Number of protein chains: 2
Amino acid sequence: MSILAVGSVAFDSIATAYGRVEDVLGGSATYFALAASYFADVRLVAVVGEDFGAEQEKVFKTRGVDIRGIERAQGKTFRWGGQYHDNNLNEAKTDFTELNVFERFQPRIPEQYLDSEFLFLGNIHPSLQAAVRLELDNVRLTGGDTMNYWINRTREELLETLKVMNVLLINDTEAKMLANETSLPRAARKVLAMGPQALVIKHGEYGATIFFREGAFGIGSHPFRAPALPIEEVKDPTGAGDAFAGGFMGYIASQGQLNREVLKRALFYGGVMGSFAVERFGTERLQSLKRAEIDGRFQVFRELTHLE
Amino acid sequence: MSILAVGSVAFDSIATAYGRVEDVLGGSATYFALAASYFADVRLVAVVGEDFGAEQEKVFKTRGVDIRGIERAQGKTFRWGGQYHDNNLNEAKTDFTELNVFERFQPRIPEQYLDSEFLFLGNIHPSLQAAVRLELDNVRLTGGDTMNYWINRTREELLETLKVMNVLLINDTEAKMLANETSLPRAARKVLAMGPQALVIKHGEYGATIFFREGAFGIGSHPFRAPALPIEEVKDPTGAGDAFAGGFMGYIASQGQLNREVLKRALFYGGVMGSFAVERFGTERLQSLKRAEIDGRFQVFRELTHLE
């Protein structure tokens, strides 16, 4: 099955307690696509500048990611710089954000992508997210992300977009902000009433919980929780949430059917891909995994929470 | 099997978004004892004042808790007042602390308690914790708690006490403070090097993780994580951690053998008892549970994380 992913491709400059890197390939769609590529065919819609070249293309092509939907625009690629402090690996301190060509991003979907059955709407303006969804006729499941910026500044548009998302993947802070609610389970219920059939709340080092709307997927409404691996050396947390989304959506796309068990396992695979992402700077670890490593770690996650 | 528990018995005044109560029975040993009483015989060592009467005694006696070790001293019982704000249910804002008779607490162990096989050292001065442990010859497993106050002010004494604890149960903040380390898995490794064979880190609404010292209990060193229930209405978080410890230690004491599977299930039962504790103010919910309710919720916890 094919997943179409739309979002940002960027050059990141990152500093953590373990070192620093400059202008490495990043962006939410990049992390998503690389993580999902181990499970399904991935098609990317994004925009880059003239500084995006063969070296970056090769990263995607090596993983079989279809980049015919990456538009080359005049100017420079989106650049982001940030640092993580040891006492808060869940949140980056942003040094700079240069939107560059991303500022005027208008997703254009190549004709060859129009039969995509799975769609991931990365963290872009909610109206652009909705427009992409409306162009596709064969989509069976739409996952999406958003962030504080859109929740606060484009709330009305976001509420419209949530009506066409099947699964929203956000973190604790975003869920509470979106629902204007301090209790996470109550926030989840409110968000599900906005449209999505399922809500994945990513808890960082504590894992993730999926909440289901009553009757969604015919699977009842009780939630499910997957762990995260206690990792001693988180080299670089950048992209962990996007890699999580890639593992989650990728696994779903690989299964062909949508039921509670598939979504539960998808939540585990999300955690697995997030745990790999943070082991090296940038996308390095996601570029050269083996499927056996992924399945091995899936078993580790299982043993982390399973009673006999 | 019998568990001897030493700690505080108190009168609490608590305010949350759901209401307020005054002078209700509380204290770490109280929550621990009530939670553990569903699994094993519990013997309590604590001190109360002249204001502790038949009404309070009845709460313990109804649950079969042996309170011959509760000493009556001249003066008033320990009193604590605090409030929880909806945006941080994990931490109380203390309104007042009146130590009263607890200030000069010197645990005295009744002769009938000396054959206790399981011991829980509640959150008191580490030197008192160690003294209790040294009086008992038949203990197979010692669990214990501590807090920021002791970590900061009586570090040397605490380090000595940790050498006689088999399992330390603390929260994320305490673990990081004790280890002077911001990464939780690294903090866990450092704390285990201080003495305990196992470290339970309680994550509040995200559950708990147990870390094992290499070779401890002959069960390898990989950690295990149990979830917490996403509860929409946390009426009163007071005592959740103590109820967790009670469920954890109680289940262990009920099993007779110490192996990885028992400790894993104990972690689940800890979460179960903590989840009941917060459903009502004070100890109300822990006073009148049925074992079938406990096992029912254990299954809910299991379904919350188990893949087929």
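Predicted model: local features only at pLDDT ≥ 70, side-chain atom pairs only at ≥ 80, totals over all residues.
1. Who does E181(A) team up with? Its salt-bridge partner is K190(A), and the closest N and O atoms sit 3.3 Å apart. K190(A) counts as partly exposed, with 38% relative accessibility.

2. Now have a look at helix α2 of chain A, which covers residues 54-62. The side chains of K61(A) and E57(A) form a salt bridge there, at 3.2 Å from N to O. Why are these two about one helical turn apart? Because they are four residues apart within the helix. As for K61(A), is that residue buried or exposed? K61(A) is exposed, its relative accessible area being 51%, and the label applies because the cut-off for exposed is over 50%.

3. Over in chain B, E57(B) and R72(B) also meet through their side chains, in a salt bridge of 2.0 Å, N to O. E57(B) belongs to helix α2 (residues 54-62) and R72(B) to strand β5 (residues 66-72), so the pair ties together parts of chain B that are 15 residues apart in sequence. R72(B) is partly exposed, at 39% relative accessible area.

4. In chain A, that is how E279(A), R285(A), E293(A) and R297(A) are joined into one network. How many salt bridges are there over all chains? The count comes to 34.

5. Next, a sheet in chain B. Four strands make up this open sheet, in the order β3-β2-β6-β7, and their pairing is mixed. Which strands are at the edges? They are β3 (19-26) and β7 (88-98), each of which pairs on one side only. From one strand to the next, the twist averages 20°.

6. Finally, zoom in on one pairing within that sheet. Strand β2 (residues 10-16) and strand β6 (residues 79-85) of chain B run parallel, and five bridges join them.

Notes
Residues numbered from 1 in each chain as written. Chains lettered and ligands numbered in written order. Heavy atoms only, no water. Salt bridge = Lys/Arg side-chain N within 4 Å of Asp/Glu carboxyl O. Buried < 20%, exposed > 50% of the residue type's maximum accessible area, 1.4 Å probe, protein only. Pairing = 2+ DSSP bridges. Axes fitted to C-alpha atoms, helices over the stretch in contact; angles between N-to-C directions.
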